Amino acid sequence: MKLLRDRILRDGKCYPGGILKVDKFINHQMDPSLMKACAVELIRRFASTEVNKILTIEASGIAPAIMMGFLLDLPVVFAKKKKPSTMDDMLSTRVFSFTKQREYHVVISKEYLTPKDKVIFIDDFLAYGNAAKGIIDLCHQSGAEIVGMGFIIEKAFQRGREVIEKQGIRVESLAIVDSLDNCQIKLRNE
Ligand code: 5GP
């Protein structure tokens, strides 16, 4: 998606350890017009699928997910990284965070993820696929079907796509980073 690629090259910053900072338009300050354009493109790519819910994980997946849910008139559910004291009946899994270098629990209420659900999972980044693996586990536990997974930015060199596709799940990403070596952002042209 050219608009997104241009923005990453203009405003993205590369950090050691293979981290791309996009705080100016996705992760801190947000650009709603760009988010809408991303949602429209993801909807176009998943147009042939049957879906009744958008699933994401807090916090940075929520913005693109809610744009998609709004445009498709579908509910949006986000997996929580902390168990609320008021949540009794829940599904739980563990996810390793590569940016924070620690493991955390992710929970979702059984009320909002059920065998009736056909979901698209949306997140800001695909890196090693750990968050995606956690979501796949939650969906297996609940009996929900994963129709596909969509990401704003995929860091191809961290190979998360392989983890997801091995499970037979379709992956779409709007910008693919091939390398952040020497703190240079190399984007795939497509
Ligand atoms: P994964 O679980 O695929 O290894 O990593 C994806 C998650 O880690 C995303 O939810 C995202 O929040 C975070 N993440 C991974 N890599 C980056 C990065 O380069 N920049 C930012 N801002 N977040 C990242």
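Q: Gln-141 first: how exposed is that residue?
A: Gln-141 is partly exposed, at a relative accessible area of 38%. Keep in mind that this is a predicted model.

Q: Where does Gln-141 sit?
A: Gln-141 belongs to helix α5, which covers residues 130-142.

Q: And what does Gln-141 touch, leaving out residues up to four places away in sequence?
A: Leu-91, Ser-92 and Thr-93. With Ser-92 there's a polar detail too: the Gln-141 side chain reaches the backbone oxygen of Ser-92 at 3.1 Å.

Q: Switching to charges, how many salt bridges are there in the whole structure?
A: A search of the whole structure turns up 18. One of them pairs Arg-7 with Asp-31, with the closest N and O atoms 2.7 Å apart.

Q: What parts does the Arg-7 and Asp-31 pair tie together?
A: Arg-7 is in helix α1 (residues 2-11) and Asp-31 is in the loop between α2 (23-27) and α3 (32-45), so the pair links parts 24 residues apart in sequence.

Q: Are Arg-7 and Asp-31 buried or exposed?
A: Both Arg-7 and Asp-31 are buried.

Q: What about Glu-172 and Arg-45?
A: Their side chains meet in a salt bridge at 3.1 Å, N to O. Glu-172 lies in strand β9 (residues 171-179) and Arg-45 in helix α3, so this pair ties together parts 127 residues apart in sequence. Glu-172 and Arg-45 are buried as well.

Q: How far apart are N and O in the Glu-162 and Arg-159 salt bridge?
A: 2.7 Å. Glu-162 is partly exposed at 42% relative accessibility, while Arg-159 is exposed at 51%.

Q: Which residues does the network of shared partners join?
A: Arg-7, Arg-10, Asp-11, Lys-24 and Asp-31.

Conventions: Residues numbered from 1 in each chain as written. Predicted model: local features only at pLDDT ≥ 70, side-chain atom pairs only at ≥ 80, totals over all residues. Heavy atoms only, no water. Helix = DSSP H or I, 4+ residues; strand = E, 2+ residues; numbered from the N terminus. Buried < 20%, exposed > 50% of the residue type's maximum accessible area, 1.4 Å probe, protein only. Contact = heavy atoms within 4.5 Å. Polar contact = N/O pair within 3.5 Å; in protein donor to acceptor, adjacent residues only side chain to side chain. Salt bridge = Lys/Arg side-chain N within 4 Å of Asp/Glu carboxyl O.
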